[in-house]
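The structure is shown below.

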Amino acid sequence: MKILKKTDVILSISLILISVLGFFIVELMKKDGKTVVVKQNNSVVYEGKISEDREIPLKHNTVKIKDGKVFMKCADCKNQICVKSGKISKSGETVVCLPNRVIIEIE
Amino acid sequence: MSSKQGNNRNRIKRLAIYSLLCSLCIVFGYVEFLIPTSLIAPGIKLGISNSIAILLLINGDIGGAFAVNISRILLSALLFGSPFSLLFSLCAGIVSTLVCALLIKLPALSPIGVSVAGGVCHNAVQVFVASFVVGRGVWFYLPILTVAGVICGAAIGFLGIVFSKKAKIDF
């Protein structure tokens with residue numbers, strides 16, 4: 001029994017190529033978002049355009065909108081995952097601060 | 001009478017070997033848990049226990065591959081999982097074993113290719129099931145999972161070949 005046949009290599013390489021292609025299609029399909037929605041404890045606390053620069057102070061977090069991008073400027077939680085998750089601008093992207101139950105969404 | 005006795009003995013031997021392989025699969029599941037593959041991308045697992053299914057398929061025992069894989073999935077969900085994880089792994093397990101069982105008949109593919117196809121199908125089915133539970137957004141994750149499926153599948157197929165050289169299973 002041959003360990004690796006030509007067909008195996010062709011199958012593997014074509015699957016990888018298809019997924020690389022798929023990855024780029026997914027990246028292209030992401031549209032720029034229009035509105036920013038900030039939720040705390042599942043209720044909407046802010047809704048506004050992504051094009052308007054502003055800072056939104058919350059109880060434990062500060063959300064900042066600048067140059068069409070949104071990010072968590074600071075949070076008082078221990079893990080700081082939301083701060084580290086960086087800037088978002090595409091429709092469907094989110095930044096979540098689980099300890100303070102804050103979600104930033106782009107629609 | 002003697003043939004019936006022989007048949008019975010054969011069935012008992014089969015049951016014993018399948019049970020042994022099944023418990024081996026569950027141990028593999030634990031070994032896998034110790035390897036932090038999910039650091040590369042969340043949700044990725046090697047699937048070492050599928051090499052046992054590949055081993056059985058190499059031996060031409062399709063029924064055995066199904067029996068071991070499905071009982072392995074049920075048992076590990078009972079031990080470590082939740083109803084949700086059972087749904088995911090059962091759907092993916094059945095489909096990927098079916099694909100492997102069909103492809104092993106193709107002379108053009110070696111067990112590595114069969115395992116690659118199985119791994120990719122497994123991940124695709126999981127994304128399909130997840131799209132019902134979580135939403136359409138998870139489809140974006142499929143390309144990364146497909147690449148992971150190819151790499152892990154190749155490794156698992158190779159492991160299956162190594163096992164089939166070392167362990168002689170004859171009924």
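**Pocket, domains and sheet**

The lining of the second largest pocket comprises nine nonpolar, five charged and four polar residues. The model is a predicted one. The topics below cover this pocket, the domains of chain A and a sheet in that chain.

**Second largest pocket**
- The volume of the second largest pocket is about 780 Å³.
- Its lining consists of 18 residues, and those nearest the centre of the pocket are A:K30, A:S91, A:G92, B:G137 and B:F140.
- Two or more lining residues come from helix 1 (6–29) of chain A and likewise from helix 6 (142–166) of chain B.
- Helix 1 of chain A makes the greatest contribution to this lining, giving five residues.

**Domains of chain A**
- Chain A is assigned domain 1, covering 1–30, and domain 2, covering 35–106.
- The centres of domain 1 and domain 2 of chain A, taken over C-alpha atoms, are separated by 36 Å.
- Each of these two domains of chain A supplies at least three residues to the lining of the second largest pocket.

**Sheet in chain A**
- In chain A, three strands make up an open sheet with antiparallel pairing, in the order 3-4-5.
- Strand 3 (54–57) and strand 5 (69–75) of chain A each have a single partner strand and stand at the edges, so one side of each has no neighbour in the sheet.
- On average, neighbouring strands of this sheet are turned by 20° against each other, direction ignored.
- Strand 3 and strand 4 (residues 61–66) of chain A run antiparallel and are joined by four bridges.
- Opposite A:I56 stands A:V63, in strand 4 of chain A.

Terms used
Residues are numbered from 1 along each chain as its sequence is written. Chains are lettered from A and ligands numbered from 1 in the order in which they are written. This is a predicted model: local features need pLDDT of at least 70, side-chain atom pairs count only at pLDDT 80 or more; totals for chains, interfaces and linings use all residues. Side-chain values use heavy atoms; hydrogens and water are left out. Domain bounds come from an automatic or database domain assignment. Two strands pair if DSSP finds at least two bridges between them. Axes are lines fitted to C-alpha atoms, for helices over the stretch in contact, and angles run from 0 to 180 degrees between N-to-C directions. On a 1 Å grid over the protein atoms alone, a cavity is a set of points where a 1.4 Å probe fits but cannot get out, and a pocket is an open set with protein on both sides within 12 Å along at least five of seven lines; lining residues have an atom within 4 Å of a point. Grid points are joined across faces, edges and corners, and a volume is the space filled by probe spheres set on the points. Ala, Val, Leu, Ile, Met, Phe, Trp, Tyr, Cys and Pro count as nonpolar, Asp, Glu, Lys and Arg as charged, and the others, Gly among them, as polar.
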